[in-house]
Amino acid sequence: MKTEFSKAQLADPDIAEANKILRKCVHCGFCTATCPTYVLLGDELDSPRGRIYLIKEMLEKDQKPTQEVVKHIDRCLSCLACMTTCPSGVNYMHLVDQARVKIEKEYTRPLPERLLRDVLAFVLPRPALFRASMIMARLARPLAALLPSTRTQASPNLLSRVKAMLTMAPTQLPPAGPAGGSVFAAIGPRRARVALLQGCAQQVLAPRINDAAIRLLTRHGVEVVLVRNEQCCGALTHHLGRDGDALARAKANISVWLGEAERGGLDAILVTASGCGTVIKDYGYMLREDAEFAAPAAKVSSLAKDISEYVSALELPISDKQSNLVVAYHSACSLQHGQKITQAPKELLSKNGFVVKDIPESHLCCGSAGTYNLLQPDIASRLRDRKVANIASIKPDVIAAGNIGCMVQIAGGTDVPVVHTIELLDWATGGPRPGLN
Ligand code: SF4
Ligand code: SF4
C-alpha cells in the first residue's frame, strides 16, 4: 500500500512503524474472509482491510479520530485472525493498538461510555475490587431481565452493556487461591524453576486453573513461584488504548520478575491465560523505545511461555489413563493467532487419553476478547451463539480452552462443561477430576 507520510511524521517511531506495516498490505482482501466482524456484518469498514484504510487515513492526515472511525475500530475484536490469514505479514495487531491509543487520547466519547471504560480499566486489573464487583453483580443479577436485550440494540448503549455484565456474573465465587510470594517445591529432583502469572480476573473466577498447573508442574519436577507484588499484565488496559496504565504495569512486572530471576533463577514465566501471554510476549515491542526497559522487556518476553507450550516441552510420560472423553478443543484467538500455538494443546490432550475434536470454524472468535463482550454485547453474543452451535455439532463431553475469557464466554451459552486444558492434563497425570458435572 502506498503511503504518504512526511519526513517529520516519520521521525516519530510509532508512525515509522505504522508506515512499515501499511506498506506491506497489498489490498488483496484475503483477510476479510476470516474476520469475524466482516463475516457477521458484511461491511468492508468492519473488515481488516477496511480498518487498515481508516487507520492509514487517520495517521497520514494526522486527523482526530472521527465517530465513524471509532465505531469500526471499536468493533474490532483484536482476535488477530487477519494476521494468520494475511500472506504479506501485515502486523495488524501493532497497527490497531496504535489506533486505539490515538482514539483514547484524542477522541471524546459520550460521558456514559467514558465512565464505563474508566470503571472497567480501574476494577478489572485489581482482583480485590473485581471480587467485590462480582459479588455486587451477582446480587443485582435478577435486574438483568428488566434491561433491554442486546439483540434489539443496533449499536450498544449503556443499558445493554450493563445487562451483559450482570448476565455474566457468576452465581458463586470460589475461595481465593494462594497469595503472591508462595513457592511450591518440586516433587522429586528439581528440573526447573518457573514463575506462574497469577492473573487478575482468572484468580477471582477460577483459581482452580493455576491450582491444576501447580500440581502438574510440581509433580513433574518443576518448582513454581507466585511472584510477590506482581500486577495485572496490562492486557486489559492495553486493549482499551490506555497505554500509560498498561506500560506502567508491564514495567512493574518486569522489575519483580527479573528481581525473582536474580534471586532464585527463573527458567520461564508461565501463563495460563493466553490473552495475557500474548501481551507479555509483546512487552519487548511495547517498550522498544524505552531506554531503561527495552532490554529487560525483551528478556521477559523471551521467558514468557503459554502453559501448553511449556508442558509440551517437558515431554511428560504418556499417560496410561484412557478417559475416552470427547473433548471439543476451543483454540483461543490469542493462542492460535496471537501466539501461533495450535497443535501443542491438542497433542497433549490426545497423548493423555482424550478424544480431541476440532470445532468447525475454529478460526472464528467466540466473542470474548478481553472487555469486548462487555463493550460490544450484540456482536459478542452472536459470535458466542455461533461458536456454541459449532461446538454442539461435534457432540463433545467437555470443552477445553486455554483462556479464562473464552471459558466464561462459551460457558454462558452451553450446558457442556468448560474447563482449562491444563485441568484435563492434571487429571490425566494424577490430579483430581475437574468439575465435569
Ligand atoms: S483482529 Fe479480528 S476482528 Fe479485528 S480486523 Fe482482524 S480479524 Fe477482524
Ligand atoms: S490479507 Fe494482508 S495484504 Fe491482504 S488486504 Fe488483508 S492485511 Fe492487506
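**Figure 1. The shell around ligand 1 in the predicted model.** The residues of this shell divide into 10 nonpolar, two polar and one charged. In this predicted model, 13 residues surround ligand 1, and the closest are C35, P48, C76, C79 and C82. Three helices each supply at least two residues of the shell around ligand 1: helix 3 (36-41), helix 4 (48-60) and helix 6 (81-85).

**Figure 2. The shell around ligand 2.** Ligand 2 has 15 residues around it, of which C25, C28, C31, C86 and V90 come nearest. By class, the shell around ligand 2 holds 10 nonpolar residues, four polar residues and one charged residue. At least two residues of the shell are supplied by helix 4, and at least two by helix 6. Helix 4 gives the most to the shell around ligand 2, with three residues.

Figure 3. C365 is placed in the loop between strand 7 (355-358) and helix 21. R386 stands 21 residues from C365 in sequence, and the two C-alpha atoms are 9.5 Å apart in space.

**Figure 4. Helix 10 and the elements that cover its buried residues.** Helix 10 spans residues 158-168, and its buried residues are S160, R161, K163, A164, M165, L166 and M168. The cover over these buried residues includes helix 8 (111-123) and helix 9 (127-140). Helix 21 (372-375), helix 22 (377-392) and helix 23 (404-411) are also included in that cover.

**Figure 5. The largest nonpolar core, with A213 and L270.** The largest nonpolar core has 122 residues, and A213 and L270 are those with the most contacts inside it. Helix 12 (residues 208-219) contributes the largest share of this core, six residues. Which residues does L270 touch, not counting residues up to four places away in sequence? The contacts of L270 are V194, A195, L196, L197, A213, K305, I307 and Y310.

**Figure 6. The contact between domain 2 and domain 3.** The chain is divided into domain 1 (7-106), domain 2 (111-168), domain 3 (183-311) and domain 4 (316-428). Between domain 2 and domain 3, the C-alpha centres lie 28 Å apart. Nine residues from domain 2 and 10 residues from domain 3 take part in the contact. On the side of domain 2 that touches domain 3, helix 8 and helix 9 are the elements that give two or more residues. Helix 9 gives the most to this side, with four residues. By class, this side of domain 2 has six nonpolar, no polar and three charged residues.

**Figure 7. The whole chain, as context for the close-up views.** The chain has 24 helices and nine strands. Along the principal axes, the C-alpha atoms fill a box of roughly 60 × 50 × 40 Å. The radius of gyration of the chain is 21 Å, which agrees with the value near 22 Å that a compact globule of 437 residues would have. Buried residues make up 48% of the 437 residues. Among contacts between residues at least 6 apart in sequence, 74% join residues at least 24 apart.

Note on methods. Residues numbered from 1 in each chain as written. Chains lettered and ligands numbered in written order. Predicted model: local features only at pLDDT ≥ 70, side-chain atom pairs only at ≥ 80, totals over all residues. Near = placed C-beta within 6 Å. Nonpolar A, V, L, I, M, F, W, Y, C, P; charged D, E, K, R; others polar. Buried ≥ 20, exposed ≤ 12 C-beta atoms within 10 Å, placed from the backbone. Contact = placed C-beta atoms within 7 Å. Rg over C-alpha atoms; globule rule 2.2 N^0.38 Å. Core = buried A, V, L, I, M, F, W, Y, C linked by C-beta atoms within 7 Å. Domains from an automatic or database assignment.
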